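Hi,

Here is the structure I promised to pass on.

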Amino acid sequence: MNTANFPWLTTIILLPVAASLLIPIIPDKNGKTVRWYSLIVGLVDFAIIVAAFYTQYDFSNPNLQLVESYAWVPQLDLNWSVGADGLSMPLILLTGFITTLAILAAWPVTLKPKLFYFLILAMYGGQIAVFAVQDMLLFFLVWELELIPVYLLLAIWGGKKRQYAATKFILYTAGGSLFILVAALTMAFYGDTVTFDMRSLGFKDYALNLQLLLYGAFLIAYAVKLPIIPLHTWLPDAHGEATAPVHMLLAGILLKMGGYALIRMNAEMLPGAHAYFAPVLVILGVVNIIYAALTSFAQRNLKRKIAYSSISHMGFVTIGIASFTDLGMSGAVLQMVSHGLIGASLFFLVGATYDRTHTLMLDEMGGVGKRMQKIFAMFTTCSMASLALPGMSGFVAELMVFVGFATSDAYNSTFKVIVIFLMAVGVILTPIYLLSMLREIFYGDENQELVAHQKLIDAEPREVFIIACLLVPIIGIGLYPKILTQVYDSKTVQLTERLRDAVPTLAQQEVPALSMRAPNIGS
């Protein structure tokens, strides 16, 4: 069999979607059969992703690989076109990994289990499609279709305010998506040829004013999903009502769609406009880091506290994208993967803690570490990863963004000093609110009323296994980041050169030497 001609990405996308369509006819009364079926499908699809990565992906090639294109509407040059490069491959791997663990995390679900697992598998294929499709109109379609499972997962299995959270989610994200459609159609019909192929669109010679308008439209859409303040308010509400597996998908994958699209379309396809918007991205990133960290301080609801922490960490992504250095861009991609792993682990543990205490209010907890020692240990370890403890992936990612921006020659010294100072403040705030959260949950005297009414049992093997699976790459990347940076380094170097070429004052200058050593940090 010639594996080079095998439709790897099409299979990876369509397998979970096709498998989800069989769930309604599976004989199952209590959900036990369908959850095993879904887990097997998830494992098989993830195995295919890993096989494609190891046998077909070339680290040194910055261009699209695993390319497939099938005619759909030839008159509009509309095709089923998929491919993977250094921007998308790490996120495809992350999607398969997190979704498979989310299926295992959903083991206790008893309400409408067939519908639940149907939506999870449909979402699996849809999210991978977002990272793989290379046709602009097809991208918009899978971006929109992916919203439906999330809406239903929130609206049916969420908490007391689930309808409000689900409605707010769909209004924000669907409203932002309209800007994608308008911008995509404008780009497709601009010039002498009509095409939705992303590579072709990237080579069109757009007028600068049009580039700025297109960039602004895309930025609004992706700022909602990333999320960037002030378009972030749907996220704390969604996280406040979601169940543990949905948390994992929201924090681990959904937010990364915004960061990926911001790099793929705003930076790569509209480099001229990116030169004008880059300072805006830096400022928005700093606002995200500081404002969300301070807001996290004020939260007494555990889910909302972690949600605002996620918003704060994603600010480093926008700063890295706007750094004009290989190191900064590499740090942005690494931060997306790192936060996907860390965010998924923290929210899973929040769900596990809630299942035992039946409260999310920090004031009602205290001293539960005495009875839940395994959960205490796992929660502490994952919190250390989130506050960027050296030796874990968060530290490497944030350090790369810091140094990448500090060595950038695209900004004056005063601006850089102010931004770096504010970023440092955000880094200092993070351990303060995370450590105080741990103290309020696990330390001190037991809340006797809580202990009297709730059975505080420790973590079961399934929960320990899920966290162990997430900690392995978190620690592995932290100790040897090259294991991940080599996957996308050739692409980020190519992209940074393209962005610098769009700025006359940078085009003739050599990229700072330090930024070329991104893969070797910590090695």
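This is a predicted model: local features need pLDDT of at least 70, side-chain atom pairs count only at pLDDT 80 or more; totals for chains, interfaces and linings use all residues.

Ile 40 is partly exposed, with a relative accessible area of 49%. Its place is helix α2, residues 32-56.

Now for the core. The largest nonpolar core has 193 residues, and the ones touching the most other members are Met 136, Phe 139, Met 248 and Leu 470. Helix α11 (residues 244-269) gives the most to this core, namely 17 residues. As general background, nonpolar side chains in soluble globular proteins tend to be buried together.

I had a closer look at Leu 470. Setting aside neighbours within four places in sequence, Leu 470 is in contact with Phe 97, Ile 98 and Leu 101, and also with Met 248, Leu 341, Ala 344 and Ser 345. So which of these partners turns up again among the residues that touch the most other core members? That would be Met 248.

Next, two helix pairs. Two packed helices are described by the angle between their axes and the distance between the axes, and that's how I've written them up.

Start with α4 (residues 113-132) and α6 (residues 147-157). Their axes come within 9 Å and cross at roughly 155°. Angles over 145 degrees count as roughly antiparallel, so α4 is roughly antiparallel to α6. The crossing of α4 and α6 is left-handed. On the α4 side you'll find Leu 115, Phe 116, Leu 119, Ile 120 and Met 123, which meet Pro 149, Val 150, Leu 152, Leu 153, Ile 156 and Trp 157 of α6. By class, that contact has 11 nonpolar residues, no polar and no charged ones.

The other pair is α15 (residues 373-386) with α19 (residues 461-479). Here the axes come within 11 Å and cross at roughly 25°. Angles under 35 degrees count as roughly parallel, so α15 is roughly parallel to α19. The crossing of α15 and α19 is left-handed. From α15 the contact takes Lys 374, Met 378, Thr 381, Cys 382 and Ala 385, and from α19 it takes Glu 463, Val 464, Ile 467, Leu 471 and Ile 474. The residues in the contact of α15 with α19 divide into seven nonpolar, one polar and two charged.

Finally, some backbone details, in case you plan to check the geometry. Where are the cis peptide bonds? One joins Leu 226 and Pro 227, with omega about -10°. Another runs from Ile 229 to Pro 230, with omega near 15°. Pro 227 is in the loop between α9 (208-225) and α10 (234-241), and Pro 230 is found in the loop between α9 and α10 too.

There are also positive phi values at residues other than glycine. Leu 66 has a phi of about 55° and is found in strand β1, residues 65-73. Its relative accessible area is 14%, so Leu 66 is buried. Lys 112 has a positive phi of about 45° and lies in the loop between α3 (89-105) and α4. With 48% relative accessibility, Lys 112 counts as partly exposed.

Cheers

Technical notes: Residues are numbered from 1 along each chain as its sequence is written. Side-chain values use heavy atoms; hydrogens and water are left out. Axes are lines fitted to C-alpha atoms, for helices over the stretch in contact, and angles run from 0 to 180 degrees between N-to-C directions. Helices (H or I, at least four residues) and strands (E, at least two) are DSSP runs, numbered from the N terminus. Angles under 35 degrees count as roughly parallel, over 145 as roughly antiparallel, 65 to 115 as roughly perpendicular and the rest as oblique. A crossing is left-handed if the near helix is turned anticlockwise from the far one by less than a right angle, and right-handed if clockwise. Contact means heavy atoms within 4.5 Å. Ala, Val, Leu, Ile, Met, Phe, Trp, Tyr, Cys and Pro count as nonpolar, Asp, Glu, Lys and Arg as charged, and the others, Gly among them, as polar. A nonpolar core is a set of buried Ala, Val, Leu, Ile, Met, Phe, Trp, Tyr and Cys residues joined through side-chain atoms within 4.5 Å. Buried means under 20% relative accessible area, exposed over 50%, partly exposed in between (1.4 Å probe, protein chains only).
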